[in-house]
Amino acid sequence: RMLVDNRGTGRTAEEPLWSPDARTIYFKGHDALGRAEFWAEPLAGGRPQLLIRFDDLSRPSLRPEWSIGGGRMYFTVNDRQSDIWVMEAIPK
């Protein structure tokens, strides 16, 4: 079944990852303005939940690689340094 239908929204959905319990798919994407976003979609159904969006276009997250583990998300934010940001993911 189709999990994400972004037709006509200008959004992308890319780099999906399974949650450790295999009940959720997390994915990274970009909105119509190019802002990076992370989403969670439960496999049982329902709408995707926006977890975070990078509103500051001067600090984009352009690289497709990212990971989850130990209740955290790991991703890069592009500026002129090699920073790695960590976010704690707390299930609801």
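Predicted model: local features only at pLDDT ≥ 70, side-chain atom pairs only at ≥ 80, totals over all residues.
Residues are numbered from 1 along each chain as its sequence is written, and side-chain values use heavy atoms, with hydrogens and water left out.

The largest nonpolar core comprises 10 residues, namely Tyr 26, Ala 36, Phe 38, Ala 40, Phe 54, Trp 66, Met 73, Phe 75, Val 77 and Met 87. Such a core is a set of buried Ala, Val, Leu, Ile, Met, Phe, Trp, Tyr and Cys residues joined through side-chain atoms within 4.5 Å; buried denotes under 20% relative accessible area, exposed over 50%, and partly exposed the range in between (1.4 Å probe, protein chains only). At least two residues of this core are supplied by each of β3 (36–42) and β6, strands being DSSP runs of E with at least two residues, numbered from the N terminus. Strand β3 provides the largest share, three residues. When neighbours within four places in sequence are set aside, Trp 66 is in contact (heavy atoms within 4.5 Å) with Glu 15, Leu 17, Tyr 26, Phe 27, Lys 28, Phe 38, Met 73, Tyr 74 and Phe 75.

Glu 15, one of these partners of Trp 66, is placed in strand β1 (residues 14–18). Its phi is near 55 degrees, a positive value in a residue other than glycine. Glu 15 counts as partly exposed because its relative accessibility is 36%. A positive phi, of about 60 degrees, is also found at Ala 22, which is not a glycine. Ala 22 belongs to the loop between β1 and β2 (24–30) and is partly exposed, with a relative accessible area of 43%.

Arg 35 is located in the loop between β2 and β3. With a relative accessible area of 18%, Arg 35 is therefore buried. Its side chain forms a polar contact with the side chain of Asp 31 at 2.6 Å and another with that of Asp 55 at 3.4 Å. A polar contact is a pair of N or O atoms within 3.5 Å; within protein, one must be able to donate a hydrogen and the other to accept it, and residues adjacent in sequence count only if both atoms are side-chain atoms. Apart from neighbours within four places in sequence, Arg 35 is in contact with Gly 29, His 30, Arg 53, Phe 54, Asp 55 and Leu 57.

Two further loop residues were examined. Ala 44, in the loop between β3 and β4 (49–53), counts as exposed because its relative accessibility is 84%. The C-alpha atoms of Ala 44 and Arg 23 are separated by 7.3 Å, the two residues being 21 residues apart along the chain. Gly 71 occupies the loop between β5 (66–69) and β6 (72–76) and is partly exposed at 34% relative accessible area. Gly 71 and Pro 20 lie 51 residues apart in sequence, with a C-alpha to C-alpha distance of 9.3 Å. Beyond its neighbours within four places in sequence, Gly 71 is in contact with Met 87, Glu 88 and Ala 89.

Key:
Helix = DSSP H or I, 4+ residues; strand = E, 2+ residues; numbered from the N terminus.
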